[in-house]
Amino acid sequence: MDRETRAFAESHFRRLRGQPAGGAGAPPGRVDFIASPTSFSYADFFRRYLLPNVPCVFSRAFTEGWGCRRRWVTPGGRPDFQHLLRTYGDAVVPVADCGRQEYNAHPKEHMLLRDYLRYWTEHIESGYSSPRGCLYLKDWHLCRDSSAEDVFTLPVYFSSDWLNEYWDALDVDDYRFVYMGPAGSWSPFHADIFRSFSWSANICGRKKWLFFPPGQEEALRDRHGGLPYDVTSPALLDSRLYPRRGLCSPALELTQEAGEMVFVPSGWHHQVHNLEDTISINHNWVNGCNLANMWHFLQQELRAVQQEVSQWKETMPDWHRHCQAARLRPVSSWLPGSSGPCPSSIDPRLELWASCDSQLLLSGQVIMRSCTGINFEEFYHFLKVIAERRLLLLAERTDSGAVEGGAGSGLGPHQAAFDVSRITEVLASVVAHPDFQKVDTGMFSPRPEELLQQLEEVVASTASL
Ligand SMILES: O=C(O)CCC(=O)C(=O)O
Ligand SMILES: [Fe+2]
């Protein structure tokens, strides 16, 4: 990042004054197409799409050199089933059943890739029908589980990626996925986990995307407040079921061709349909541009959980008995892709989750972690890990006059200084949050207030960088 882009970004966030970044107030009508890598810099992407939080499509020229585009695809542009079988046949992959609905998603099971590929080829041979329905391989952690060398090269535009940097630093997991499925497979209406950005590159095949800018989804809620599972369902035309549907602008539609990459902005709801047999690489990512959106989302989730817990408590005369009988649900750690049902659908499970009524805060944070995959404490840890890496980078620069290597450093000292200023603003809000103040931070190193002070000093000292 150059000095001018950083100044531009910092004034953008000063204008927002802590409010999460939206998208365009009204949809832009069409999605911009970026044709040539040679005339499109990181700063161009940052100013025109990342900061304003609007989608764009990159042409196939941006993925031309990727190994997977040569090896995973036949000369005719179809998935190379033989190659995939030989290379990854023994991998265990998650597979969604597109014909079934569980909450607002498709239920998933795990199977060997070889079995999935056999299913897929038989499905094609039988004219795209199968007794098992339409199965969609989603959220396969190829990079985490196998060697993904020579598969793809991370485009510089998406390289400020704190979620994967965090998980790589902990060496536990990642948010890098492969999707593959027959024509007709689809992803229900959703916004991405933690209001992250995503990018999606088609290795072969075509996808149709339906996009709604942040806030538009409110008009798509049914009369009970629920979001649709399928925005193309004729049920949405029934104004008794969807009373505010008429207030929503039509979806922004986009067809993504083979080789093209889509940038999915933060908090934009979308639905995706595979128009052909399609393979894609999709990453979720968070950075200084959507960090406030993530924090805003976590606060909303906690409020929703607390509200549900207290309503449930009021309507249950024998709450105490239930609480004593209830066991704390073993909470998985903050697992990528493990986002469960959102608070509006947690009632049936509350009995297990509400561990103790005397501490709504505790149960709120526990339930939130179960639904969302992360609680305030873990969010602090995430901020801390990224902050410390940026502080180190800036300190090395001061020591040696230059910045060398290291994850997250590729975008230079202005990017690092920008990152620190974004973390500082969000951390100040975390530290001031009444529910975070109830978390026992005595054992945290550094204590949140100390880290905040250190960051504020660095923001002041890097202002003139
Ligand atoms: O390709 C799909 O089916 C879904 C992709 C998606 O939702 C995303 O990349 O955010
Ligand atoms: Fe998505």
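Welcome to this chain, which has 15 helices and 13 strands; helices (H or I, at least four residues) and strands (E, at least two) are DSSP runs, numbered from the N terminus. This is a predicted model, in which local features need pLDDT of at least 70, side-chain atom pairs count only at pLDDT 80 or more, and totals for chains, interfaces and linings use all residues. Residues are numbered from 1 along each chain as its sequence is written, while chains are lettered from A and ligands numbered from 1 in the order in which they are written.

**The chain as a whole**

- Of the 465 residues in the chain, 40% are buried; a residue is buried if 20 or more other C-beta atoms lie within 10 Å of its own, exposed if 12 or fewer, and partly exposed in between, with C-beta atoms placed from the backbone.
- Among contacts with a separation of 6 or more, 81% come from residues 24 or more positions apart; two residues are in contact if their C-beta atoms, placed from the backbone, lie within 7 Å.

**The nine-stranded sheet**

- An open sheet with mixed pairing is formed by nine strands in the order S1-S2-S11-S8-S13-S6-S5-S3-S4; two strands pair if DSSP finds at least two bridges between them.
- Strand S1 (32-34) and strand S4 (108-112) are at the edges with a single partner strand each, so one side of each has no neighbour in the sheet.
- On average, neighbouring strands of this sheet are turned by 25° against each other, direction ignored; axes are lines fitted to C-alpha atoms, for helices over the stretch in contact, and angles run from 0 to 180 degrees between N-to-C directions.
- Strand S6 (residues 176-181) and strand S13 (residues 278-285) run antiparallel and are joined by six bridges, with Ile279 in S13 as the bridge partner of Met180.
- S5 pairs with S6 in the antiparallel sense over two bridges, and here Trp140 stands opposite Val178 in S6.
- S3 is also joined to S5, through three bridges in an antiparallel run, with Ala96 opposite Tyr136 in S5.
- S5 is mostly covered, as six of its six residues are buried.
- Helix H5 (residues 113-125) lies across strand S3 (92-97), S4 and S5, and runs at about 100° to S4.

**Around ligand 1**

- The shell around ligand 1 is made of Tyr179, Ser187, Asp192, Ser198, Ser200, Lys207, Val264, His270, Val272, Ser280 and Asn282; a residue counts as near a molecule if its C-beta atom, placed from the backbone, lies within 6 Å of it.
- Strand S8 (197-204), strand S12 (269-274) and S13 each provide at least two residues of this shell.
- By type, the shell residues are three nonpolar, six polar and two charged; Ala, Val, Leu, Ile, Met, Phe, Trp, Tyr, Cys and Pro count as nonpolar, Asp, Glu, Lys and Arg as charged, and the others, Gly among them, as polar.

**Backbone spots worth a look**

- Most residues other than glycine have a negative phi, and most peptide bonds are trans.
- Asn53 has a positive phi of about 65° although it is not a glycine, and it is found in the loop between helix H2 (42-50) and strand S2 (56-58).
- Asn53 is buried, with 22 other C-beta atoms within 10 Å.
- Asp139, in strand S5 (residues 135-140), has a positive phi near 60° and is buried, with 20 other C-beta atoms within 10 Å.
- Ser445 and Pro446 are joined by a cis peptide bond with omega about -5°; Pro446 sits in the loop between helix H14 (434-437) and helix H15 (448-462).
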